[in-house]
Amino acid sequence: FRTVLSRLQEKGVPNYFGAQRFGMRGDTALTGAALMREDYEAAARHIAGYPSESDSGGVREARELFMRGEFEKAATTFPRGYPEAFHICKMLARNGGDYKRALFSMDRGMLKFYVSALQSELFNEAVARRIGFLDEVRAGDWAHKHDSGGAFRVDDQAAENPRALRFEISAMGPLFGSEMRPASGEPLRIEEEILKGAGLARGDFEKARPFTCQGDRRPLRFKMEEVSFETGADPTGDYLKLRMVLPSGCYATSVLRELGKDRMNDEARVGKSATA
């Protein structure tokens, strides 16, 4: 624990978006990708169809009805708490199965949420691809200044990397959108590969649509401040209490994910063995 915590303080914490961004079924980014590709039937199916092992009871039944095209019956079967699925079903029943019209009748903020989830997933992929050198910058990067919050393009990698090692600056990853500042060189190549892997292109983010997001850049790592921890025990067992101050928009769950990664991997292996 101490070794991992010390390394995170030295190198920085990978600035992943947490699982809460991707919904209970983990598929909100898939909905966003379908919207960006203008595959409106697939987007609607991610919202109201595609039953999975995580669905049960009325939810599973409603999703199965949706997949059979029984939209009105699906709408009345969805339990409370599924307003988007209910809305899609009702609109499809009224308009004869026009998926685009049904989706475009949804709240614009909700549509942008799906695209935002896609942006987050693509950003997480950028973090993962650069995990081995998060404390470095590359020529063509946009770099974040930790003291002022400003950003600048990296032209001279050799000149700027000492600042990155001192945690004065950090490379920034993509939140794809029409106004995102373009990278070049190796960072651009990585970003293009990420888009291609998702079946997308930069131009998909530049079309004027109800759900189009402007885009931005976000640091690939963040710094923990005022870090301390203590151990103890209470009636429920041993515990570890960790205190830290994080920058705005960064998540303690990202820190805990890194600290508990080995244990989570062990538990995942045990789970797979138990269900094999």
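**Strands and pockets in a predicted model**

Student: Which strand do three bridges join to strand 2 (residues 142–145)?

Tutor: This is a predicted model. In it, strand 2 has an antiparallel neighbour, and three bridges link the two. That neighbour covers residues 169–175 and is strand 4.

Student: In what order do the four strands of the open sheet come?

Tutor: The pairing in this sheet is antiparallel. At the edges are strand 3 (151–153) and strand 5 (216–219), each of which pairs on one side only. From one strand to the next, the twist averages 45 degrees. The order is 3-2-4-5.

Student: How many helices and how many strands does the protein chain have?

Tutor: The chain has 276 residues, and 41% of them count as buried. Its C-alpha atoms fill a box of roughly 60 × 55 × 35 Å along the principal axes. The secondary structure comes to 12 helices and eight strands.

Student: What share of the contacts between residues at least 6 apart in sequence join residues at least 24 apart?

Tutor: Here a contact means heavy atoms within 4.5 Å. Among contacts in the protein chain between residues at least 6 apart, the share joining residues at least 24 apart is 62%.

Student: Which residues lining the largest pocket are the closest to its centre?

Tutor: The largest pocket has a volume of about 400 Å³. It is lined by 21 residues, and the closest to its centre are Met24, Asp27, Ile47, Arg63 and Tyr82.

Student: Which helices each supply at least two residues of that lining of the largest pocket?

Tutor: By residue class, the lining of the largest pocket divides into nine nonpolar, seven polar and five charged. The helices that each supply at least two of its residues are helix 2 (28–36), helix 3 (40–48), helix 4 (57–67), helix 6 (83–95) and helix 8 (108–129).

Student: Which helix gives the largest share of the lining of the second largest pocket?

Tutor: The second largest pocket holds about 290 Å³ of space. Of its 13 lining residues, the closest to the centre are Arg7, Leu8, Lys11, Gly12 and Ile131. The lining divides into five nonpolar, three polar and five charged residues. The largest share, five residues, comes from helix 1 (residues 2–11).

Key: Residues are numbered from 1 along each chain as its sequence is written. This is a predicted model: local features need pLDDT of at least 70, side-chain atom pairs count only at pLDDT 80 or more; totals for chains, interfaces and linings use all residues. Side-chain values use heavy atoms; hydrogens and water are left out. On a 1 Å grid over the protein atoms alone, a cavity is a set of points where a 1.4 Å probe fits but cannot get out, and a pocket is an open set with protein on both sides within 12 Å along at least five of seven lines; lining residues have an atom within 4 Å of a point. Grid points are joined across faces, edges and corners, and a volume is the space filled by probe spheres set on the points. Ala, Val, Leu, Ile, Met, Phe, Trp, Tyr, Cys and Pro count as nonpolar, Asp, Glu, Lys and Arg as charged, and the others, Gly among them, as polar. Two strands pair if DSSP finds at least two bridges between them. Axes are lines fitted to C-alpha atoms, for helices over the stretch in contact, and angles run from 0 to 180 degrees between N-to-C directions. Buried means under 20% relative accessible area, exposed over 50%, partly exposed in between (1.4 Å probe, protein chains only).
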